[in-house]
Amino acid sequence: MVCRYCQRIIISLLPLVVSPLAAAEGFVPWQAVGDSIPQPLGGLTGDASRGREIARRKDLGNCLACHRLPIPEAGFQGTVGPPLDGIASRLNAGQIRLRVADESRRIPTTVMPPFHKDPTTLNQVADDYYGKPVLNAQQLEDVVAYLMTLQ
Amino acid sequence: MAKLLKMGMMLLLSPLIWADQPKSGYDYLQAETQAMQDDEFANPGMATVDMGHALFNTPGNNGRRCSDCHGEDGEKLDPKKIARYPIYNPELGRPFTLQQQVNFCWEEHLDNIPFVPGCTELVALETFVRNRARGEPVNVDISGPMRPFYEAGKALYHTRFGQMNMACYVCHDQYAGQYLRGQILTEGQTNGFPEYRLGSGRITSLQRRLEECLRSFRAEPFERDADEYIDLEVYLNARGNGLPIETPAVRY
């Protein structure tokens, strides 16, 4: 058995072990240039097939709530945002990245949620989501990679 | 010629005039759902009206009933007064909602323990009372002391909340008629509250609906009967001034 003193030390050290894991959930700062974020977040590479899944799922991207996408198995698709078929022939990766990360940078009255915005700029966030962006940096890059396949 | 010009001007301006008219959520329903709302026997919200009706005729701790003053079927209630809520309460220095008014009577005139705001019984009483004014145009007076609360509600309506960074106006002022997945967005008018939601299968008070909206923004809701909800109710009801009360409306 571990003595009480050692237990306390272990407990006090726990955050050091856990925090790098938590960082995967956290916000990765980005730089916008014009209407684009040219550099991938955290230098990560996106995976298009994972991105498709994130776009489809209601608990992740839920892109289909507002947009039409070539995901026929998804049933009802929203009409609030523009259809995204062929988006990659209209926008480049950097432009898509900014629109997904924080469209309100371009259009302050936008209906589109920011998927990777500095959480300290958000208002009255529920406990379960506090301090986290909707999608982490990897998930955001996955979605960008998927959308770039929609030529 | 002048007459023709005048008519032409009216025709030109009419879309602008129409654009300012609030549109009830009823207009976004499919025909069979409209028929369900209109039919007293098919409208599932009528069960709540009946429950409220029973409470309305239940003696309080002092033996008195709501119906002693207001009539067995609430026929002595003035629909015009019901349509004015929330009204300014000079003693509070704040707006008073219809639900708060019902709860006040329940405690003050029937000598009962007041209900917890938003509880089933209180919402049932509110639904019954507001149903008495069905068809009466909403008529919230925001000219006098109500003005600052209306403005506070309007500011909240335009405030972004939660991880989704969403504000009411973003959807309900800009995208009414569009679809979120399979669900149609309305103007977010309040003339049908408390209303029956087919999605959840239950009667929903305005505050519960606002809570649901805030949760969908991934925001922390306010406490029940918080000033924020009351101010929003003032703004939202006044925003729909002129729309007929539909309580209990049927919505998706």
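B:W106 counts as buried because its relative accessibility is 8%, and B:F115 is buried with a relative accessible area of 14%; buried means under 20% relative accessible area, exposed over 50%, and partly exposed in between (1.4 Å probe, protein chains only). The rings of B:Y150 and B:Y235 form a tilted pair, with 5.2 Å between centres and 55 degrees between the planes. B:Y150 lies in helix α8 of chain B and B:Y235 in helix α11 of chain B, so this pair ties together parts that are 85 residues apart in sequence. B:Y150 counts as buried at 12% relative accessibility, as does B:Y235 at a relative accessible area of 6%. B:Y150, B:Y157 and B:Y235 form one aromatic cluster.

The model is predicted: local features need pLDDT of at least 70, side-chain atom pairs count only at pLDDT 80 or more, and totals for chains, interfaces and linings use all residues. Residues are numbered from 1 along each chain as its sequence is written, chains are lettered from A and ligands numbered from 1 in the order in which they are written, and side-chain values use heavy atoms, with hydrogens and water left out.

Helix α11 of chain B, residues 227-239, has 13 residues; helices (H or I, at least four residues) and strands (E, at least two) are DSSP runs, numbered from the N terminus. From its first C-alpha to its last, α11(B) reaches 18 Å, close to the 18 Å expected at 1.5 Å a residue, where the expected span is 1.5 Å times one less than the number of residues. Eleven of the 13 residues of α11(B) are buried, so the helix is largely enclosed by the rest of the structure. Among the buried residues are B:Y229, B:D231, B:E233, B:Y235, B:N237 and B:R239. The cover over the buried residues of α11(B) includes β2 (94-96), α6 (98-108), α7 (120-131), α8 (147-157), α9 (168-172) and α10 (206-216) of chain B.

The largest nonpolar core has 85 residues; such a core is a set of buried Ala, Val, Leu, Ile, Met, Phe, Trp, Tyr and Cys residues joined through side-chain atoms within 4.5 Å. Those with the most contacts inside this core are A:L69, A:L147 and B:V129. Leaving aside neighbours within four places in sequence, A:L147 is in contact (heavy atoms within 4.5 Å) with A:L69, A:L84, A:I87, A:A88, A:I96 and A:V100.

Chain A contains four helices and zero strands, and its elements run α-α-α-α from the N terminus on. Of its 151 residues, 43% count as buried. Of the contacts in chain A with a separation of 6 or more, 57% come from residues 24 or more positions apart. Chain A exposes about 8,500 Å², of which carbon and sulfur atoms supply 59%; accessible areas come from the Shrake-Rupley method with a 1.4 Å probe, and for residues only the protein chains shown count as cover. Chain B comprises eleven helices and seven strands, and 50% of its 252 residues count as buried. Residues at least 24 apart account for 67% of the chain B contacts between residues at least 6 apart in sequence. The accessible surface of chain B is about 12,500 Å², with 55% belonging to carbon and sulfur atoms.

Most residues other than glycine have a negative phi, and most peptide bonds are trans. In chain B, the peptide bond from B:Y85 to B:P86 is cis, with omega near -5 degrees; B:P86 lies in the loop between α5 (79-82) and β1 (87-89). Another cis peptide bond joins B:F193 and B:P194, with omega about -15 degrees, and B:P194 is in the loop between β4 (183-184) and β5 (195-197) of chain B. B:D111, in the loop between α6 and α7 of chain B, has a positive phi near 60 degrees and counts as partly exposed at 44% relative accessibility. B:N165, in the loop between α8 and α9 of chain B, has a positive phi near 55 degrees and is buried, with a relative accessible area of 8%.

How values were computed. Rings of Phe, Tyr and Trp (its six-membered ring) pair if their centres lie within 6.5 Å; planes under 30 degrees apart count as stacked, over 60 as edge-to-face and the rest as tilted.
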